[in-house]
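Thanks for passing this one over. Here are my notes, point by point, to read alongside the model.

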Amino acid sequence: MNLNSYFSNRTFLFSFTSMGVFPTIFVLFLFFTLMCPIIHAAGSDETGAINCNIQESACTQSLGDGTVTLDIFPKPVKAMADLTFELILSGLTLTTAPYIDLGMPGMKMGPNHVLMKPSDQKHTYTGTGIIVRCPSGRTIWKADVTLPGVGSVEYVFDVIY
Amino acid sequence: MFSMSSTSPLSIVFLTAGFTVGFGHCIGMCGPIAVSLSLNMKGNNRILPHLLYNVGRVITYTILGALMGLTGSFTGLTAHMAGLQKGIMIFAGMIILVMGAAMAGWLKIGPIFGDYASPSGLFSRGFYRLSRAGSATTYLPLGLLLGLLPCGPVYTALIAAARSGMEAPSPLAGAVNGASVMACFGIGTIPALFLVAKLADLGWLKARQTFYRFGGFLMVLVGAYFVYKGIRY
């Protein structure tokens, strides 16, 4: 069969479209949609990304010429519980209060802001928030700390469900 | 009176969040339920059941939002809901599992959610009566129930609903604010789940037994996973 007659065969093209490419795409769609919760949970080994052992102590990161220290109380840090977030700044001056965005690495969880207010202690801000529980079983969470006009730092840590 | 001026922007934020989270999260975590329902539908009218299912979900979210706004407490209410949510997750898993097994031909009960469903046996009849799609309105209570499924982004929106209640001048205003936030969030999630459901609702797939059974096999796996996660939740 020469190439011309091969591709001019409408029956073949029809069968190729309806039985070959389309079903393959569809089966892949079906597979990934149905298996997504399992795939997502199976790929939960993100321990390498953790940069903060919040269950044990506060975590400090450098930002510009200073440092930002995050701590969360009470410990152990559990999901679905009222938590107090504390930020201690060193070598940084703010004109606007910082805020924290809580989320999960690689998974959209919706906006979860923790608004921080200056505390009695100098260069210290506190706020209350809640880390929610993901039914996938993944326990790695992140806190993006934004210091308006200065920059932001990310803390990735493990929480207890 | 209801301080809607301060809540409206929050509602818009969560309408947008619902839309983006819908495509980024709900398709992955709740998509299997929408796909399972689609694959089991055999009737001609397949838009109305999905619409009713989603409306049911949004109503549940709205009621939860109102309760959060009324009490102004997220943790207080979710602590009481945990047991119920665990049961609903197991129930959802069992529905998917049984539907999948029926599709794969391992359970001889026919399509549970279909217009031509002809169940036999106590268990099958129970599922059939629960979710009989001869009248598509059955999908509304199903949506109402499955709206209680534990879900990270729903919890996040509920936190905002509780906060909006705390900032409201009265408990009633708080309830309205909370309901508004959650209704907007729920509406925002509809396009993604509706799209997934419609994509899985192609007639030619159901006419091909191999693919249909493959879908059933996947549903059994994901149903078992839901049950397992529900037990561990």
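1. Two residues count as in contact if their C-beta atoms, placed from the backbone, lie within 7 Å. In chain A, 60% of the contacts with a separation of 6 or more come from residues 24 or more positions apart. Bear in mind that this is a predicted model: local features need pLDDT of at least 70, side-chain atom pairs count only at pLDDT 80 or more, and totals for chains, interfaces and linings use all residues. Residues are numbered from 1 along each chain as its sequence is written, with chains lettered from A and ligands numbered from 1 in the order in which they are written.

2. Chain A has 2 helices and 9 strands (DSSP runs numbered from the N terminus: H or I of at least four residues for helices, E of at least two for strands). Of its 161 residues, 28% are buried, meaning that 20 or more other C-beta atoms lie within 10 Å of the residue's own, again placed from the backbone (12 or fewer is exposed, in between is partly exposed).

3. Now the interface: 29 residues of chain A are in contact with 39 residues of chain B. On the chain A side, helix H2 (residues 10-42) gives the most, with 13 residues.

4. In chain B, helix H10 (residues 209-232) has 24 residues and reaches 34 Å from first C-alpha to last, close to the 34 Å expected (1.5 Å times one less than the number of residues). Its buried residues include Leu218(B), Tyr225(B), Phe226(B) and Lys229(B).
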